[in-house]
Amino acid sequence: MTYQRWTLRTDNTSYTVRLSPDGPWAELDAWGPLGVEDGPSALDRSRRTHFITPADAAPAEYLPYGLRPFTGSELVASRPDGEDRGVWWAFAGAEADEGSLRLAFHDELLGLRTVLHYETVPGTDVILRWTEFTATEELRLERLDSAAVNIPVSGVARLTYLTGQWSQEFQRTQLDLPRGTFTIGSLQGAPGHGYAPWLAVQDGESPAAYGIALAWPGNWHITAEAEPGGSVRVRAGRVPHEGVALLAPGETLATPRLACAFSPEGLDGLSRVWHRYERRLSGERLHRPRKVLYNSWEATGFDVEAAGQLELAKTAADIGAELFVVDDGWFTGRADDTGGLGDWWPDPAAFPQGFDQFVADVRALGLDFGLWIEPEAISPKSRLYAEHPEWVYRIEGRPGRLVRNQFLLDLGRTDVQDFVIETLDRLLGTYDISYLKWDMNRPPTERGRPGAGRVDLDAEHAAGYLRVLDHLRSAHPDVTVEGCAGGGGRIEHATIARTDVVWPSDNTAPLDRLSIQYGFLHAHAPHVMSSWVTDAPGVFDPRPRSLAFRFVNAMCGVLGVGADLRAWTPEQRAEAARWIARYKEVRDVIHHGEARLLGTPEDPSCGVQYDAGERTVVAALSTGRLDGAPLVPGRSARLRLRGLDPTARYRDTATGTTYSGAHLVHYGLPFAWSRDHDADLVVLMRE
Ligand code: DGJ
């Protein structure tokens, strides 16, 4: 049978969509390595359906409730009065260019036009998918997913996802799904700490890995259903406030982008597809060196005052930091977490010579200056709250709940966005600030805007947040922006596209951090992963690890220091200075190279390998278990490298030892771990 088909090609993959022979919908024909579409579709199935419709069994790219009544649909629409519920559409044409495809469907009764968009991302193996809706009369959308993806499985579908909670984000978790439905998501007005908006699917033990990631800073869901016909169908999209988005007549509503990725090389290969994609999201900003920062939060908490900060800044400069960031506590009314948010004025008591003088003093040490801010937050004690109580999310007649002693501003309001923009412009225009850490520390609870009627507050907040980030980029292009939400509560592609780095977690304890970073690097690139060396044992994880371990671990991304350097011995400071100097020599490889995850944090040894040009950098970490050597017979631990040329020779630039590529891949790079030697950074030069 011949069907109308379209194939999109990325560097190494192809994605073929066809019109279904069974009804008015598009379905997946093939997705995998280039050329995979050449053969009968692996998603073809017997067309006998019992008790369900053919659409329910189809590997459909996108179907509305109405046409697909039983097994899960991506779109639920009705008239505002609830009449004419469901969508039955007809195919209304295709437009295809090199790298993009648009498929239109039209429901005459509802007056709804739905366009499925596909776009390849040059230089990557990512295809972006999203959907646009236009209607002639007002419609109520109760579900408006971005896309559905289909993965044929011959055995059991293996799902990999990143889960956790505050301080334990990005734990890599796996689940085999023989049948049934699996859902992750967030209703916290942000992606949340519980689950990353990211999923990978594999066919049992088969290495080929399919991945999706949703670019949306608000509420979301990803739902995977193992279907009877031997495939997994994954639906993903944003979740509108109180479950309803209104589509005004003539308006076009676009869903968030869903990035779809494939790698034949398992989750590790898939991670490199995501890394390449995020390097692309960073654009030319990728090539700005990410400076070694010092952040004073863990050292001084809210106890911020000029003399103490300058003492820290001096020591930070001495060990080689390039940027000093003052975190929470620099503004009026912020003696603790009960006040100050919203009144973004430096506290004159803490900076008696003036804040500009303080910034100048920091800069005189040769450091750039950075500042923390939480633009969406407001303390009930603040002047801002006294002046604008209506700017806070609230429901008339209901008490507002405090979380971390603060309320949340309704950033969907244009006047609130304008206030935030003016505040940022004022701070960045008045003081010599080159780095901004944007934090957000509470979810919306009593989320309402009295008098506004039915509004999709989640979408409006997301749009306001992105508008302000876009403003920062255009009005202050030289300012580096760090995205943070009480750790990793708001990390997704829309944020990553508009920030320079993100903060994966407040947990900086060495072994906890290792596991957080391991999960993080499955989905996100090293150049966006902000990571600090802090004081052992840290506040969460008492398991001792050396200073070297903490440095090597933090160097796996963008190195920072957050320890109380005032208490460090001269020997510790000297060691820190050596590590920072080494990091500066290799950070271009770490941030621009191809990264490979070696082993897991559950193994006695693990690490990350970075390759760029002739250089290979290996960050190697011993997680604790030793083999007793040299007291008893034992061999060195080994980390097997990957992707090297077996016939080439590689020289360890520190020791001069040379290895063949075959040796490094087959046996691995040796490490003689001991109690005092639990981490190493090896730089290999291809000869
Ligand atoms: C939460 C952030 O994740 C921390 O790094 C720190 O900035 C605190 N907020 C400050 O309140």
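The legends below describe close-up views of a predicted model.

**View 1**

Which distance separates a polar side-chain atom of aspartate 327 from an oxygen atom of the ligand? The distance is 2.6 Å, and for aspartate 328 an N or O atom of the side chain likewise lies 2.6 Å from an oxygen atom of the ligand. Arginine 404 also takes part in this view, with an N or O atom of its side chain 2.9 Å from a ligand oxygen atom. Taken on its own, the ligand has 290 Å² of accessible area, and the protein covers 97% of that area.

**View 1. Arginine 449 and its surroundings.**
Arginine 449 sits in the loop that runs between strand S26, residues 435–438, and helix H8, residues 457–475. Its side chain is joined to the side chain of aspartate 410 by a polar contact of 2.6 Å. When residues up to four places away in sequence are left out, arginine 449 touches Asp410 together with Arg394, Gly412, Arg413, Val455, Leu457 and Glu460.

**View 2. The two assigned domains.**
The domain assignment of the chain gives domain 1 as residues 5–281 and domain 2 as residues 608–686. The C-alpha centres of domain 1 and domain 2 are 41 Å apart.

**View 3. Two spans named in the UniProt record.**
An unreviewed UniProt entry lists residues 57–241 as "domain: Glycosyl hydrolase family 36 N-terminal". For residues 636–684, the unreviewed UniProt entry gives "domain: Glycosyl hydrolase family 36 C-terminal". The span 636–684 is 39% strand and 12% helix, with 18 Å between its end C-alpha atoms.

How values were computed
Residues are numbered from 1 along each chain as its sequence is written. This is a predicted model: local features need pLDDT of at least 70, side-chain atom pairs count only at pLDDT 80 or more; totals for chains, interfaces and linings use all residues. Side-chain values use heavy atoms; hydrogens and water are left out. Helices (H or I, at least four residues) and strands (E, at least two) are DSSP runs, numbered from the N terminus. A polar contact is a pair of N or O atoms within 3.5 Å; within protein, one must be able to donate a hydrogen and the other to accept it, and residues adjacent in sequence count only if both atoms are side-chain atoms. Contact means heavy atoms within 4.5 Å. Domain bounds come from an automatic or database domain assignment. Accessible areas come from the Shrake-Rupley method with a 1.4 Å probe; for residues, only the protein chains shown count as cover. UniProt positions are given in the numbering used here, feature names are shortened, and annotations may be inferred rather than shown by experiment.
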